[in-house]
Amino acid sequence: MSERKRILSGMRATSPKLHIGNYEGALRRWVELQNEGCEMFCMVADWHALTTLEGEPMDIRRNSLEVAKDFVAGGLDPAKSAIFIQSDVKEHAELHLLFSMVVGVGKLERNPTYKDMVSALSKSTLVSYGLLGYPVLQASDILLYKPYGVPVGKDQAPHLELSREIGRAFNSRYGEVFPEFKDLIDKDESRSKLPGLDADENGKLRKMSKSYGNCLYLNETEDETAARIKSAFTTPSKMRKTDPGIPEGCAVCQYLKLYSPDWEKQWAEDVAGERGCFQSKKELTEALNEFLRPMRERRAELDDDAILAILKDGADKAREVAQKTMDEVRAAMKLA
């Protein structure tokens with residue numbers, strides 16, 4: 001029997017809610033890999049959530065529990081996948097510290113992701129060392145498990161190259177400890193680049209983001225989902241039912257493509273001026289609520305005690321792997 005491919009991935013606990021962009025861009029792929037027989041390590045990244053903290057401190061622990069519930073509701077099986085909170089496996093912090101000794105400050109300052117994050121912060125927000133060192137912690141998160149691969153969107157793949165560079169730098173200095181991992185890129189970009197409910201000042205759909213407040217959340221009620229869809233951006237020039245629509249620039253039509261089996265007919269009718277936006281929003285509401293219903297039912301069965309038990313078991317599994325890696329790291333560095 002061939003060895004199971006080990007996969008590591010995670011999401012930041014910046015909010016107690018995951019949206020359908022999180023599901024389509026990441027969680028859906030994790031579930032597929034799990035069901036293909038991969039050895040999954042799925043992390044709620046609570047320490048990473050602190051790196052861009054603005055204003056009042058968030059309830060990181062509560063966010064982490066709610067995100068973990070969405071992981072399970074979205075299809076991750078605790079019997080097949082290790083689901084855990086980053087800070088419950090302290091080896092992440094130890095390897096982060098040791099990796100910080102092999103990467104130059106200049107390389108971190110030139111990191112495009114760091115620059116983008118800094119530009120997105122308000123001027124009064126502290127630009128912390130934690131934000132600068134974000135890629136070092138990310139490298140420790142990944143390499144600690146020596147994974148075969150990391151699921152990632154095509155536009156995010158270059159960000160992981162620094163993790164590989166840190167692994168190479170360590171290996172060059174101390175000996176071969178960390179194998180190279182692969183970027184497991186989802187070829188369906190329509191799912192990895194799901195738009196939000198609104199548009200920018202130029203009428204172009206913006207990405208779905210909690211910071212924009214333009215999301216459709218997995219754990220909201222059917223009525224709350226309906227209300228959000230009701231406000232969704234559609235073709236600005238389509239004032240009447242008979243006006244031709246532009247599905248590519250309409251958030252509702254983009255979602256219909258994913259969640260309605262009749263999307264090609266719906267798009268054709270939109271272009272021909274044979275349907276109005278109200279009809280499209282109504283049909284999307286029905287289709288999306290039908291899609292999310294099993295997730296919501298699974299989530300309703302999870303209380304705090306149930307998810308804490310799942311997270312403890314997941315952390316135990318993750319820690320077993322992490323401790324073996326750290327034994328090798330300390331031996332290579334002659335710290336043990």
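Which residues does Ser9 touch, not counting residues up to four places away in sequence? The legends below take up this question and then turn to other parts of the structure.

The model shown is predicted, so that local features need pLDDT of at least 70 and side-chain atom pairs count only at pLDDT 80 or more, while totals for chains, interfaces and linings use all residues. Residues are numbered from 1 along each chain as its sequence is written, and side-chain values use heavy atoms, with hydrogens and water left out.

View 1. Ser9 lies in strand E1, where strands (E, at least two residues) and helices (H or I, at least four) are DSSP runs numbered from the N terminus. Leaving aside residues up to four places away in sequence, Ser9 touches Trp30, Phe41, Cys42, Met43 and Pro151, contact meaning heavy atoms within 4.5 Å. Ser9 is buried because its relative accessible area is 8%; buried means under 20% relative accessible area, exposed over 50%, and partly exposed in between, with a 1.4 Å probe and protein chains only.

**View 2. Pairing of strands E1 and E2.** Strand E1 (residues 6-12) runs parallel to E2, and seven bridges join them, two strands being paired if DSSP finds at least two bridges between them. Leu8 stands opposite Phe41 in E2. Strand E2 (residues 39-45) is mostly covered, with six of its seven residues buried.

**View 3. Packing of helices H3 and H14.** Helix H3 (residues 60-73) packs against helix H14 (residues 277-300) at an angle of about 125°, and their axes are 8 Å apart. H3 is therefore oblique to H14, since angles under 35 degrees count as roughly parallel, over 145 as roughly antiparallel, 65 to 115 as roughly perpendicular and the rest as oblique. Axes are lines fitted to C-alpha atoms, for helices over the stretch in contact, and angles run from 0 to 180 degrees between N-to-C directions. On the H3 side the contact is made by Glu66, Lys69, Asp70, Val72 and Ala73, and on the H14 side by Met295, Arg298 and Arg299.

**View 4. Helix H12 and its buried residues.** Helix H12 (residues 251-259) is largely enclosed by the rest of the structure, because seven of its nine residues are buried. The buried residues in H12 are Ala251, Val252, Cys253, Tyr255, Leu256, Leu258 and Tyr259.

**View 5. Thr113 in helix H6.** Thr113 has its place in helix H6 (residues 112-120), and it counts as buried at 16% relative accessibility. From C-alpha to C-alpha, Thr113 and Asp183 are 17 Å apart in space, and they are 70 residues apart in sequence.
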